[in-house]
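Let's take a friendly walk through the aromatic side chains of this protein. Have the structure open and follow along.

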Amino acid sequence: MSQHSQLALELVYEMLEHCAPGSTWETKKHRQWVRWNGRTYRGVPLGPHGRRTRVTIEAGHVRSLVRDLCIDPKCAAQFIPMSY
Amino acid sequence: MSDTTLTTWPLIFNYRCPVLGNGFMALVSFKGRVLAEQEAGGVWLSGVNPGGVAGGGCDFPSAQTELGRCVSDVLFDIAADVESFGAFAHAVEAFFRETDQAAGALWTAARTRVRAEGTTGDALGLETQYGAHEAQFEVIEMQVPAQARPEQNYQPMAALAA
């Protein structure tokens with residue numbers, strides 16, 4: 001999978017629900033912040049033209065998010081198969 | 001689904017940006033570590049210090065631009081959340097100190113490889129910086145225009161850490 005491949009956000013939500021239970025997703029003015037495990041991934045873009053909701057996310061952001069939040073990569077790969 | 005082949009590179013990211021907040025103006029500067037993952041047709045940059053930020057593009061310059069935009073967005077969001085320069089500086093320091101340990105391990109392994117192979121940034125169209133690459137971070141409150149200097153202006157720049 002290319003790092004620029006677009007993934008459905010629903011897949012990410014499902015992965016977080018199982019692999020990072022209790023994680024929170026907060027929409028800021030410029031980015032979306034995902035918190036879990038005492039850490040924060042602040043890099044999720046809002047979406048095209050500054051829309052507050054988007055339906056896809058680049059695979060590279062998912063890889064970076066999984067690493068940064070210290071999510072078990074084996075768990076994440078069950079939902080979004082790629083190397084972390 | 002199979003992954004494309006990724007080549008990792010250790011980069012140093014020099015960043016500076018003025019940030020306007022609620023009743024304050026700050027100048028944020030840092031020299032941080034960034035992990036680059038290159039594949040056919042694209043580059044992805046993940047922050048090590050600061051962690052939790054990333055950006056990609058079709059080549060190094062475009063990926064660098066996206067990463068710089070991501071960092072600026074985070075700083076603007078932090079500025080919107082606080083009511084004083086002190087609170088801003090504290091929050092930005094916490095952001096900068098939040099290291100991405102997994103990306104950091106890959107960064108260190110990539111630097112070991114780069115040093116062993118004698119690779120320079122020329123191969124990537126980047127400058128080469130040698131040294132220990134200690135992370136540096138500074139937040140200055142700009143209280144009066146007389147403090148401003150033109151040499152404080154520069155675009156974010158990445159270099160290969162060798």
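Which residues form one aromatic cluster in chain B? The members are B:Phe13, B:Tyr15, B:Phe30, B:Phe96 and B:Phe137. Keep in mind as you look that this is a predicted model.

A pair of aromatic rings is described by the distance of the centres and the angle of the planes. Over all chains, the count of aromatic pairs comes to eight. Start with B:Tyr15 and B:Phe30: their ring centres are 5.1 Å apart and their planes meet at 20 degrees, so this pair is stacked, as the angle is under 30 degrees. B:Tyr15 belongs to strand E1 (residues 7-20) of chain B and B:Phe30 to strand E2 (residues 25-39) of chain B, so the pair ties together parts that are 15 residues apart in sequence. Both partners are buried: B:Tyr15 has a relative accessible area of 1%, and B:Phe30 has 7%.

Now turn to B:Phe96 and B:Phe137, another stacked pair, with 5.0 Å from centre to centre and 20 degrees between the planes. Here the link joins distant parts of the chain, 41 residues apart: B:Phe96 sits in helix H2 (residues 85-97) of chain B, and B:Phe137 in strand E6 (residues 136-141) of chain B. B:Phe96 is buried at 2% relative accessible area, whereas B:Phe137 is partly exposed at 22%.

Finally, look for charges over rings. In chain A, A:Arg42 lies over the face of A:Trp33, 5.0 Å from the ring centre. In chain B, B:Arg33 lies over the face of B:Trp107, at 5.1 Å from the ring centre.

Note on methods
Residues numbered from 1 in each chain as written. Chains lettered and ligands numbered in written order. Predicted model: local features only at pLDDT ≥ 70, side-chain atom pairs only at ≥ 80, totals over all residues. Heavy atoms only, no water. Phe/Tyr/Trp six-rings, centres within 6.5 Å; stacked < 30°, edge-to-face > 60°. Helix = DSSP H or I, 4+ residues; strand = E, 2+ residues; numbered from the N terminus. Buried < 20%, exposed > 50% of the residue type's maximum accessible area, 1.4 Å probe, protein only. Lys NZ or Arg CZ within 6 Å of the ring centre and 35° of its normal.
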